[in-house]
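Me: Please consider the helices of the structure shown below, with attention to their lengths and their faces.

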Amino acid sequence: MFNKAPVSDFSKSLAGDIVKRYPPAIDAAPDKRPSVNRLTRIVEDACARVAIFQGEHRLGWYGKAKLGNSIRWELTELGYTKEFVSLVTEAVIVNLGKVPKP
């Protein structure tokens, strides 16, 4: 049986890291948004953490779907724009598909 706790805990941790580097208030204010390079680094770092988590927990299709949805809802609840939430979620899901199995 699939244990959802590690995925939920990881999603909250990942969202917390994103909040520290790119608060929702800045995301909501277009004139305060950082450069594309900085946003790219934030998303790439999130994807790198997801790859490590994937390697440690060997997520199957259900786990990957749960992780993607969990990250989406965490970021949405924190108040990020739909565009940013979609960007991060899509990047995470695409990168989960690229992670080689150990």
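Reply: The expected span of a helix is 1.5 Å times one less than its number of residues; helices (H or I, at least four residues) are DSSP runs, numbered from the N terminus. This is a predicted model, in which local features need pLDDT of at least 70 and side-chain atom pairs count only at pLDDT 80 or more, while totals for chains, interfaces and linings use all residues. Residues are numbered from 1 along each chain as its sequence is written, and side-chain values use heavy atoms, with hydrogens and water left out.

Me: How far does H4 reach from its first C-alpha to its last?

Reply: H4 has 18 residues, and 26 Å is expected at 1.5 Å a residue. The reach in the model is close to that expectation, at 26 Å.

Me: Which residues of H4 are exposed on the face turned away from its buried side?

Reply: Buried means under 20% relative accessible area, exposed over 50%, and partly exposed in between (1.4 Å probe, protein chains only). The buried residues of H4 are Gly63, Leu67, Gly68, Ser70, Ile71, Glu74 and Leu75. They cover an arc (of the directions from the helix axis to the C-beta atoms) of only 165°, which puts them on the same side of H4. The face turned away from that side carries the exposed residues Trp61, Trp73 and Glu77.

Me: Against which helices do the buried residues of H5 pack?

Reply: In H5, Phe84, Val85, Val88, Thr89, Ala91, Val92 and Leu96 are buried. Seen down the axis of H5, these fall within an arc of 160°, so they line one face of the helix. By contact (heavy atoms within 4.5 Å), the buried residues of H5 pack against H1, H2, H3 and H4.

Conventions:
Helix = DSSP H or I, 4+ residues; strand = E, 2+ residues; numbered from the N terminus.
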